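This briefing is for a reader who has the coordinates open and wants an orientation before any further work. It goes from the overall fold to the ligand surroundings and the chain contacts.

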Amino acid sequence: MKRVKIAETWEEAGNIKAFRFNETLNFIPGQFIMLWIPNVGEKPFSLADKDLILVKKVGPFTSKLFELGEGDYVWIRGPYGRGFTPKGKKIALIAGGIGIPPLYALVKHFGNDFEKITLIYGARSKEEFALLDIENYVDEIVFTTDDGSFGLKGFPTDVLRRRKGEFDYVYTCGPEIMMAKVLEIMNFKNVQVSAERYMKCGIGVCGSCALGKYLVCKDGPVFYGEELKETELGRFKRSPDGRIGML
Amino acid sequence: MLSIEVAKLKLENPLILASGVSDMTPALLRRAHDEGAGAVVTKSIGKEPRKGYENPTIVELPYGLINAMGLPNPGWEAFYDEFSKEKFDFPIIVSIFGRDEKEFAFLVEKLNEIADAFELNLSCPHAKGYGMEIGQNPEMVYKIVRAVKDATDKPIIAKLTPNIDDITKIGLAAEKADADAVSAINTLKAIAIDIYARKPILSNKVGGYSGQGVKPIALRAVYDLARVLDIDIIGVGGITTWQDAIEFLMAGAKALQIGTAVYLKGFNVFKEINGGIERFLIEEGFKSVKDIIGIALE
Ligand SMILES: Cc1cc2nc3c(=O)[nH]c(=O)nc-3n(C[C@H](O)[C@H](O)[C@H](O)COP(=O)(O)OP(=O)(O)OC[C@H]3O[C@@H](n4cnc5c(N)ncnc54)[C@H](O)[C@@H]3O)c2cc1C
Ligand SMILES: Cc1cc2nc3c(=O)[nH]c(=O)nc-3n(C[C@H](O)[C@H](O)[C@H](O)COP(=O)(O)O)c2cc1C
Ligand code: FES
């Protein structure tokens with residue numbers, strides 16, 4: 001556990017805030033940290049960069065985090081887990097909602113490994129796109145919104161289905177139903193998925209983040225498509241007590 | 001060479017996945033067996049679902065972990081629903097916890113068809129009213145083991161706490177009540193403070209220490225128990241290398257459980273330790289792992 005100071009924060013999109021720490025971490029894109037606020041709790045967040053996380057306000061912990069600003073302290077441990085392995089030349093990033101941080105990290109740090117990068121990014125409305133300066137690292141951005149109020153109407157997976165032939169490799173992070181669709185479209189091949197499950201220890205000892213025979217915090221959070229074939233991804237997840245529940 | 005019988009269970013090898021360590025789902029239990037465990041113990045199951053304590057629930061230290069998970073578990077009904085649909089080709093030891101002998105007996109009756117054996121968690125150091133709080137009392141231990149033995153024909157393993165002046169007192173109580181084996185040890189009560197936050201790190205404040213740092217203490221517990229008990233002993237606590245495993249066997253443990261080392265080395269730790277034990281036996285001229293059990297007691 002290490003105390004770090006928040007160096008800056010800003011509102012990146014509606015209900016999404018960026019937090020930059022005053023210390024840089026040695027990380028592989030796709031890895032995450034556990035962030036502790038004393039008396040509040042400790043939760044997992046993907047690193048968007050060596051000193052940056054991007055957080056969507058969804059509940060008690062993230063609400064408390066949103067109250068913190070420059071000069072305040074938070075405690076972190078990590079980075080943990082398996083990150084992305086750059087593969088393919090003409091790649092697509094399929095992002096949904098707050099799935100953007102690990103994909104941003106991927107293209108910022110491994111961008112030179114690829115020839116053409118297309119970001120296909122879906123959200124409910126224009127205000128929800130959290131882009132940082134990703135336009136510097138990708139060749140093309142396709143936006144989709146559920147109601148067509150911005151970009152194309154529909155889901156990122158609709159675009160992937162149409163343009164699949166243009167890409168030799170796909171990276172995805174976002175709502176689980178979307179990622180399951182991506183796997184189906186790609187027939188589980190040439191895809192890396194950044195998965196999520198309820199995390200407690202974050203280090204592969206408690207079993208809370210079970211996904212099939214894997215532990216998301218240690219064997220993932222990034223998985224190869226083939227590995228997820230026989231897991232419950234897209235079907236169910238477990239609650240903190242281990243019971244099977246809805247996605 | 002490695003096969004062994006412990007608590008009436010036949011194991012391909014003496015290594016068992018310890019309770020509470022990545023063992024909440026059938027798929028994870030199968031993986032532990034695929035990667036070399038001779039048997040597995042499930043997460044401790046209670047009467048009701050429990051989500052466990054809020055994070056932080058774990059502290060990483062140089063020689064181990066302090067955890068206060070708070071006995072998260074799906075409750076016996078959801079556990080039964082999921083596990084009764086599964087078939088396993090290796091022994092499943094179901095760990096259970098309760099407030100008193102009635103709850104333990106209730107759980108044993110409900111889960112009887114799933115378990116090849118039961119392990120009674122009489123030793124969790126951080127859950128109010130459960131585990132250690134009853135497991136420090138020899139009369140309670142006797143009462144619970146007795147009640148459970150009356151409720152099932154399946155082998156019963158009593159898991160003992162090291163947080164007591166003399167562990168043999170509770171070991172003897174379990175034996176007197178007809179337990180088939182004891183396992184020792186559960187974690188040691190411990191705490192960690194963050195000096196900048198100026199407070200305990202765990203949300204529950206205190207937790208249980210496991211891993212390399214507790215090995216000498218666990219080994220001594222097994223050694224002391226082996227000198228007074230006739231029933232089988234399963235050694236647990238800090239076993240990380242094959243040399244550790246051999247020490248526990250020589251101290252009188254018939255089988256061994258591995259927890260924290262699974263986090264250090266991955267599930268593959270089972271194969272690694274089995275391989276080391278086998279090499280040692282060959283090099284030192286032993287025919288079977290049975291030949292070294294308890295030889296350091298003589
Ligand atoms: C590997 C990983 C990376 C993540 N990266 C990011 C990120 O970059 N940005 C971001 O905004 N969010 C990220 N999350 C999700 C983030 O952890 C949750 O939004 C946060 O824990 C919510 O806490 P809360 O108290 O505000 O909300 P709650 O009301 O407690 O929960 C809201 C939802 O958040 C999820 N959640 C809550 N606690 C946990 C937990 N311990 N582990 C996993 N999921 C939980 C659940 O789906 C829950 O339904 C990530 C999760 C994982 C597993
Ligand atoms: C994260 C974690 C959770 C645990 N949960 C349980 C549990 O539910 N029931 C139990 O009897 N022991 C539990 N234990 C204790 C272990 O089974 C074992 O007795 C102890 O960790 C010592 O062995 P080790 O050093 O190999 O980990 C837990 C240990 C850890 C680290
Ligand atoms: S969160 Fe504990 S094993 Fe993954």
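The model is predicted. Chain A carries 4 helices and 17 strands, and its radius of gyration of 17 Å is close to the 18 Å that the globule rule gives for 247 residues, so chain A is as compact as a globular protein of that length.

**Chain A overall**

- Along the principal axes, the C-alpha atoms of chain A fill a box of roughly 50 × 40 × 35 Å.
- Buried residues make up 49% of the 247 residues of chain A.
- Among contacts in chain A with a separation of 6 or more, 61% join residues 24 or more positions apart.

**Domains of chain A**

- Chain A is divided into domain 1, residues 2–80, and domain 2, residues 90–238.
- The C-alpha centres of domain 1 and domain 2 of chain A are 21 Å apart.
- Contact between the domains involves 18 residues of domain 1 of chain A and 22 residues of domain 2 of chain A.
- On the side of domain 1 of chain A that touches domain 2 of chain A, at least two residues each come from β1 (2–13), β3 (32–37), β4 (41–46), β5 (52–56) and β6 (73–80) of chain A.
- β5(A) gives the most to that side of domain 1 of chain A, with 3 residues.
- By class, that side of domain 1 of chain A has 11 nonpolar, 4 polar and 3 charged residues.

**Helix α3 of chain A**

- Helix α3 of chain A spans residues 156–163, and its buried residues are A:Pro156, A:Thr157, A:Val159 and A:Leu160.
- Seen down the axis of α3(A), these buried residues fall within an arc of 155°, so they line one face of the helix.
- An α-helix has 3.6 residues a turn, so residues three or four places apart point the same way.
- The packing partners of the buried residues of α3(A) are the strands β7 (90–96), β8 (116–123), β9 (140–145) and β10 (152–153) and the helix α4 (176–185), each in chain A.

**Shell around ligand 1**

- Ligand 1 is surrounded by 20 residues, and the closest are A:Lys43, A:Ser46, A:Gly59, A:Phe61 and A:Thr62.
- The elements β4, β5 and α1 (60–66) of chain A give two or more residues to this shell.
- Both domains of chain A take part, with at least three residues drawn from each of domain 1 and domain 2.
- The shell around ligand 1 has 14 nonpolar, 3 polar and 3 charged residues.

**Shell around ligand 2**

- Ligand 2 lies between chains A and B.
- There are 29 residues around ligand 2, of which B:Ala18, B:Gly20, B:Ser210, B:Gly259 and B:Thr260 come nearest.
- In chain B, β6 (64–67) and α9 (260–265) each supply at least two residues of the shell around ligand 2.
- The classes in the shell around ligand 2 are 13 nonpolar, 14 polar and 2 charged residues.

**Contact between chains A and B**

- 24 residues of chain A are in contact with 35 residues of chain B.
- β4(A) gives the most to the side of chain A that touches chain B, with 3 residues.
- That side of chain A divides into 12 nonpolar, 5 polar and 7 charged residues.

Definitions and conventions:
Residues numbered from 1 in each chain as written. Chains lettered and ligands numbered in written order. Predicted model: local features only at pLDDT ≥ 70, side-chain atom pairs only at ≥ 80, totals over all residues. Buried ≥ 20, exposed ≤ 12 C-beta atoms within 10 Å, placed from the backbone. Arc of directions from axis to C-beta. Contact = placed C-beta atoms within 7 Å. Domains from an automatic or database assignment. Nonpolar A, V, L, I, M, F, W, Y, C, P; charged D, E, K, R; others polar. Near = placed C-beta within 6 Å. Rg over C-alpha atoms; globule rule 2.2 N^0.38 Å.
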